[in-house]
Amino acid sequence: MTAIRLAHFSDPHLSFTPRLSPAQRFSKRQLSVWSWAKNRGKAQQGALLSALVADVQAHAPDAVLISGDIVNFSLPGEFPAAADWLASLGPEHRVSVVPGNHDALVAVPEEQGLGLWRRWMSNDDGSESWPYVREREDIALIGVNSALPTPPLLASGRIGEAQLAALEARLRELGERGLCRVVMLHHPPAAGAIGKRKALVDASGFRAVIERAGAELVLHGHSRDPRFDRLRGPRGHLPCLGLPSASAEPGAHDAGARWQQLSVQRAGQGWRLQQAVRLWLPRQATFVSAGTYVFTLDRQVA
């Protein structure tokens, strides 16, 4: 099997000038606007994100994976603009997305919000479900939705019992077929990965599903630092890799933009994963290699 190359980045936070109506000011959006003006808006750079996308495309991956926080304020004007941006990344069957907390900051009608992104959050046959599954040769990408509106000052996530049950069923089915299962969600699922205010509320439930049904790799965003954690599977541990914002200059509030190319190929009864990290250097205004790491992924089947 030839290696399948997956480009993963997260939290692009597409630039958008917020103009809130009086009604919108009496919502969580106003807090997000203040936070943007004070910190995030200074760190997030549209030109940097464009440079990242150009670097990704220069490496010609087989698929592009984005683990949430496409927008900032969940304003109706952001969703169609983000859809245009997603379309610019390549054919929709090669670009896969899960939403983040900023994509679900407040409740937005489906037809004005996340419904506009369904082309990038659907099964291979075009049907809609959470989780969704996309198969690429011997790899199955499983997209999980952990985003939901939360009260002010919270950025937590929840998968929910129904989706967890569906996830376990799909993981078992795909594992029985011998596919390499790559699970993507926005919120970090590892214990202690992030503070309670921003945490995945049912992370223990997610970890229990992985331990029972298995997966070979988990990807996420949301953390302001790059992360490598290990999750327990039916036969040992599997890697859980997280990235900070794809559009952020390095500083006190973010480790700085980077993306990772993940090359996966069959190796004996398991899989060989090569992780190549591409890091933004502000002074040189370019992305450079920040290291290559190789993992042996055992088949995590019960």
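Student: Which residues are exposed on the other side of H3?
Tutor: This is a predicted model. Helix H3 covers residues 46-58. Leu48, Leu49, Leu52, Val53, Asp55 and Val56 of H3 are buried. They span an arc of only 160° around the axis, so they lie on the same side of H3. On the other side, the exposed residues are Ala47 and Ala58.

Student: What covers the buried residues of H3?
Tutor: The buried residues of H3 include Leu48 and Leu52. Helix H4 (78-88) is part of their cover. Strands take part too, and the cover includes E1, E2, E10, E11 and E12.

Student: How far does H3 reach from its first C-alpha to its last?
Tutor: H3 has 13 residues. At 1.5 Å a residue, 18 Å is expected. The reach is close to that, at 18 Å.

Student: Which residue just after H3 takes a positive phi?
Tutor: H3 ends at residue 58. Just after H3, a positive phi of about 50° occurs at Ala60.

Student: Which are the edge strands of the open sheet?
Tutor: The sheet has six strands, in the order E3-E2-E1-E10-E11-E12, with mixed pairing. An edge strand here pairs on one side only. That picks out E3 and E12.

Student: Is strand E1 largely enclosed or open?
Tutor: E1 covers residues 4-9. Five bridges join E1 to E10, and the two run antiparallel. Four bridges join E1 to E2, and these run parallel. Five of the six residues of E1 are buried, so the strand is largely enclosed.

Student: What is the bridge partner of Leu65 in E3?
Tutor: Leu65 in E2 is the bridge partner of His8. E2 is also joined to E3, by three bridges, and the two run parallel. In E3, the partner of Leu65 is Ser96.

Student: Does Arg118 count as buried or exposed?
Tutor: Arg118 sits in the loop between strand E3 and strand E4. Buried means under 20% relative accessible area. Arg118 has 17% relative accessibility, so it counts as buried.

Student: What joins the side chains of Arg118 and Glu110?
Tutor: Leaving aside neighbours within four places in sequence, Arg118 is in contact with Glu110, Glu128 and Trp130. With Glu110, the side chains are joined by a polar contact of 3.1 Å.

Terms used: Residues numbered from 1 in each chain as written. Predicted model: local features only at pLDDT ≥ 70, side-chain atom pairs only at ≥ 80, totals over all residues. Heavy atoms only, no water. Buried < 20%, exposed > 50% of the residue type's maximum accessible area, 1.4 Å probe, protein only. Pairing = 2+ DSSP bridges. Contact = heavy atoms within 4.5 Å. Polar contact = N/O pair within 3.5 Å; in protein donor to acceptor, adjacent residues only side chain to side chain. Expected span 1.5 Å × (residues − 1). Arc of directions from axis to C-beta.
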